Amino acid sequence: MRTDSISELDLALRCARKDQKAQAELYTRYAGRLYAVCFRYIGNREEAQDLMHDAMIKAMDSIRLFHFSGEGSLYAWLRRLTVNVSIDRLREKGKAQIVPLDLTMEPAVSELQDDEDADSIPAQVMLDMVASLPDVRRTVFNMYCIDGFSHKEIAQAINITEKGSASILAKARTQLKSAVNDYLKRTGR
Amino acid sequence: MKDFDDIFKERLDDYEMKLPTMDQQSFWDRKAVRERAARRRRNILTAAVGLPAVAAVLIAIMMTINLLSRNNATPPENPELTIVQQQSDKPDTDNTVQWITIDNDGDLGETMEKAQLSESPGEEDVYMVVEESPEFPGGTNALMGYLRDNMVIPDSCRENNIQGRVLVTFIVEKDGSITKPVVVKSVNHLLDAEALRLVSAMPKWKPGRQNGQAQRVKFTIPINFRLDYYKNRTKATATESAVEDIMASTKDKTF
């Protein structure tokens with residue numbers, strides 16, 4: 001049987017037996033998507049690659065714990081694991097971070113004319129926009145808007161308050177909107 | 001608001017990013033290194049349990065001394081250390097590996113191990129591992145500080161977003177001077193050159209010692225060239241947003 005045609009369940013079972021070919025297939029199938037997840041959270045390619053490796057190794061070590069519940073559940077499991085690994089890393093980094101004090105107001109951003117305009121932006125550009133948000137904003141935006149965590153979960157995960165999370169999210173959105181506007185202006189739309 | 005989020009979610013949910021071509025190889029390398037380290041850690045444990053009680057105690061002392069010398073950066077001139085060395089020399093020739101793996105959890109350890117594995121036995125009188133590792137004046141933190149303070153990232157790398165980790169191997173001579181710096185993992189020729197410059201310009205190290213004698217020791221250090229997001233922006237924007245986030249997150253805690 002060729003490895004590229006086997007089902008998710010088989011793949012998971014064979015990985016659990018430490019079958020090298022199955023592990024290679026796991027990598028080929030999911031590395032790119034998990035890399036994107038890491039990049040989305042960590043905002044830096046080099047580090048995202050490193051993080052993806054960590055997550056992948058962890059996944060291969062603990063795939064015995066995976067419960068199959070239909071096609072797509074393997075990816076969902078891997079993705080959740082990757083998100084958790086990413087948040088852990090961010091939390092570690094956060095400890096060492098020093099925040100200089102300097103308060104200035106952020107310029108007001110005009111609302112998007114038409115949300116549909118944003119649809120024309122390539123996914124990689126959007127990803128880069130998310131990646132270039134400051135750490136805390138990026139984390140909250142990712143967790144809430146893309147990975148579907150609640151403010152309560154976010155608050156617990158990164159040790160802020162629920163209200164704080166909501167207000168950071170609003171700022172993240174504002175910043176993204178202005179990035180989208182800039183991009184649309186630059187590309188002449 | 002919702003629409004805006006949805007667009008991002010839709011586009012980024014299952015988005016696949018292209019990995020560098022060599023990524024899979026480096027992934028397997030890394031996995032293998034990890035597994036080897038884990039296996040050795042297990043082996044050492046079984047060996048320690050299996051050996052007579054005296055030997056076990058001696059190994060424990062050895063580990064403690066090793067850890068202490070790592071942490072305090074003041075390796076003790078302890079007679080016990082010599083005894084331990086002689087003891088552990090006997091059971092297997094693999095004793096160098098134990099020295100590495102025992103305290104191997106950090107990055108530096110991993111790379112040191114790699115360097116050791118790739119070494120051919122050709123070069124005489126250059127040690128890979130000694131009782132007392134050579135040391136940058138002031139220890140590892142001082143080394144990191146030195147690299148941070150003296151690093152100059154070429155403008156062209158900054159513009160083209162070239163960054164990464166360069167591994168440089170060199171020899172710490174008996175008098176502590178640095179010779180034969182070689183890039184073993186390259187990122188870009190400009191960054192490689194900068195890494196070599198940094199290494200060559202280091203102040204004299206404290207030489208490594210074996211049985212109290214200064215020896216030539218091979219050493220590998222990783223040099224991280226990182227273009228921080230913040231550095232690319234004007235200072236005000238970066239700090240302002242970071243501070244606002246912190247303010248927002250602590251606001252209802254404090255009031």
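Helix α2 of chain A bends by about 50 degrees at A:Y30 (the bend at a residue is the angle between axes fitted to the seven residues ending there and the seven starting there). The model is predicted: local features need pLDDT of at least 70, side-chain atom pairs count only at pLDDT 80 or more, and totals for chains, interfaces and linings use all residues. Residues are numbered from 1 along each chain as its sequence is written, while chains are lettered from A and ligands numbered from 1 in the order in which they are written. Helices are DSSP runs of H or I with at least four residues, numbered from the N terminus.

The span of α2(A) was also computed. Its end C-alpha atoms lie only 29 Å apart, whereas a straight helix of 23 residues would span 33 Å at 1.5 Å a residue (the expected span is 1.5 Å times one less than the number of residues). Just after α2(A), A:G43 takes a positive phi of about 75 degrees.

α2(A) (residues 20-42) packs on α3(A) (residues 45-62) at an angle of about 135 degrees, with the axes 8 Å apart. Axes are lines fitted to C-alpha atoms, for helices over the stretch in contact, and angles run from 0 to 180 degrees between N-to-C directions. The angle makes α2(A) oblique to α3(A); angles under 35 degrees count as roughly parallel, over 145 as roughly antiparallel, 65 to 115 as roughly perpendicular and the rest as oblique. The contact includes A:Y27, A:L34 and A:F39 of α2(A) and A:L51, A:M52 and A:M56 of α3(A) (C-beta atoms, placed from the backbone, within 7 Å). By class, its residues are 13 nonpolar, two polar and two charged. Ala, Val, Leu, Ile, Met, Phe, Trp, Tyr, Cys and Pro count as nonpolar, Asp, Glu, Lys and Arg as charged, and the others, Gly among them, as polar.

Helix α6(A) (residues 135-146) meets α8(A) (residues 162-186) at roughly 100 degrees, and their axes come within 9 Å. The two are therefore roughly perpendicular. Among the contact residues are A:V136, A:F141 and A:Y144 of α6(A) and A:I168, A:L169 and A:A172 of α8(A). Seven residues of this contact are nonpolar, two polar and two charged.

α6(A) also packs on α7(A) (residues 151-158), at about 140 degrees and with the axes 10 Å apart. This pair is oblique. A:T139, A:V140, A:M143 and A:Y144 of α6(A) meet A:H151, A:I154 and A:I158 of α7(A). The contact has five nonpolar, two polar and no charged residues.

Key. Two residues are in contact if their C-beta atoms, placed from the backbone, lie within 7 Å.
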